[in-house]
Amino acid sequence: RIRMSGIKGLQGVVRKTVNDELQANIWDPQHMDKIVPSLLFNLQHVEEAESRSPSPLQATEKEKESPTELAERCLRELLGRAAYGNIKNAIKPVLIHLDNHSLWEPKIFATCCFRIIMYSIQPQHSHLVIQQLLGHLDANSKSAATVRAGIVEVLSEAAVIAASGSVGPTVLEVFNTLLRQLRLSIDYALTGSYDCAAGVSTKIIKEHESMFQEAVIKTIGSFASTLPTYQQSEVMVFIMNKVPLPSLQQSIEAGKAGEDRNRLTQIMLLKSLLQVSVGFQCSNMLTALPSAFLDRLLSAALMEDAEIRLFVLEILISFIDRHGNRQKFSTISTISDISVLKLKVDKCSRQDTVFMKKHGQQLYRHIYLICKEESNVQAHYEALYSMLMLISVELANEEVMVDLIRLVLAVQEIAQINEDNLTAYNRCALFALGAAYLNLISQLTTVPTFCQHIHEVIQMRQKEAPYLLPEDVFVENPKLSKSLDRLGPEVFFWQSKISEVLGGSGYNSDRLSTPYIPQLTDEDRLSKRKSIGETISLQVEVESRNSPEREQRAPAEEITYETLKKAIDSVAVEEQERERRRQVVEKFQKAPFEEIAAHCGARATLLQSKLNQIFEITIRPPPSPSGTITATYGQPQNHSIPVYEMKFPDLCVF
């Protein structure tokens, strides 16, 4: 009863401040530091229910008389009357009270308090509360992980409510603070200690830090989901720019500890980006994935860490999936009727066509390179399958469909030739991935002869080689075969056959019959798994192949004995040239440094001697009309050759 009287007194003071001179003083810290904790104290102590059950009317009266209910009403009134300049003084005592009484760790009461605060203050002042919480989180950077996790959870609740009003300039500030806390937490987890954790085991610290990191990532996602599209896009670019990548040497730390820190930072930031991208909806892919953002994201896809590659694939999938088809492709299978999936398909828009013209080859190349990774597991193949199908459903026109079929046939060739020495599981998984994709894509194109060819190959695999189908590969105990190099031609999908059947239905048969060859760029050098020598050998191999475009543009010529003979000779020359290049690359990879230096020095000496001869000829004076010139000493000299008649070595001609 005494507490009830006190609360009613405070309520009277709050109401009186509206039109009284005291209003200016009631918000001073000296008054707020007494009023707010008093109300919070009463909110904490919920009265125990009486043992006997009162009537509904009595219960209502009792509820009205509860100090808890009265304290909440009084706090709401107080906060509702707070002007812009008074919010800080009203919120600071709440934070101090929660600190002093260790109320962040259960976080239930703290969350309840800030829910009351956010719904009571005027909406345009919401961002001030967010700023106060962010500052308090920074102030507690060295506190226990459980305390920081509680503050982050409360911040998550408050930010979601604030987003419906005005968040002001605090959008990037929220994410900047959270990402900074994430990096601090990674350091604590790696070292296994921080100032206030004396006597706590390293294992417990790492567990608590892991919980804190998950809370931060969840908060990033929940807050981002309430933002408008343009701000979500800014936030994603902001997060991606924080990811340390090999392309930016200044952001990569050296040494074992540095590598661990880099890897954890990359994983946590990509997890955060995934949380944001899941709630991101944008009809225009050019807006959703700007070039700079996509380049950085795909750079991460070339890293040898399997977990990082999987996050990149999941992020790309969440961008491309705009009609909720992702779950329909979660299982890789060769279903006979695509209609059971109930796909939502829209016609490819002009913006999507422009996006695929601009970035399509880049996406195909990364899909191809990811398929070649030996550390891939079932989750990677499921993500690759989903990505291929979603591109086909969301972004594909006829040209994109043709390119995707070429890409999948090239992936089949990776498993068939096995230049990368993949394991039996990796090879079977790639065969199964190709079968599942071509099975669905043939039904999407609705070309009967194409469907028939795919169906025949799948039936033949079911009889002769079931380990090449997803039903036998993507299971808990996959059935594999070691005799993959002795497979018959009937269990493969043939590019010539597919080109023939689709060409008859109006598809570009010339493009279909051209094997897909990825254009390797400097981006591959960012990956730590490739040495310089390997990168050079890849480039040499690609450059030595003929360009498909040139082959397509070449005019048709009559085939005779002479042309066939020339073709055979040119193949032999090409093989010799390829072998010569291979020997050069191998020499630079394996030969001792002294031998390479001597070889280069000999070539440099030869070139210098040639240049000296040229310079000696060119600096002679022009001939006299009589054909000889007289030197200073009166001795006749031979007739010199005019410069325009000289024959220079090829190396000296520009």
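I looked up Arg-148 to begin with: its charged end sits over the ring of Phe-212, 4.7 Å from the ring centre. The rule I used takes NZ of Lys or CZ of Arg within 6 Å of the ring centre and within 35 degrees of the ring normal.

I note that this is a predicted model, where local features need pLDDT of at least 70, side-chain atom pairs count only at pLDDT 80 or more, and totals for chains, interfaces and linings use all residues. Residues are numbered from 1 along each chain as its sequence is written, and side-chain values use heavy atoms, with hydrogens and water left out.

Next I listed aromatic pairs and got ten. Rings of Phe, Tyr and Trp (its six-membered ring) pair if their centres lie within 6.5 Å; planes under 30 degrees apart count as stacked, over 60 as edge-to-face and the rest as tilted. Trp-104 and Phe-114 are stacked, because their ring centres are 6.5 Å apart and their planes at 25°. Trp-104 is in the loop between α6 and α7 and Phe-114 in helix α7, so this pair ties together parts ten residues apart in sequence. I took helices as DSSP runs (H or I, at least four residues) numbered from the N terminus.

I then checked accessibility, with buried meaning under 20% relative accessible area, exposed over 50%, and partly exposed in between (1.4 Å probe, protein chains only). Trp-104 is buried at 2%, and Phe-114 is buried at 2%.

Last, I looked at backbone angles. Lys-107 has a positive phi of about 60° though it is not a glycine, and it is partly exposed at 32%. Lys-342 has a positive phi of about 50° and is exposed at 66%.

Methods: Helix = DSSP H or I, 4+ residues; strand = E, 2+ residues; numbered from the N terminus.
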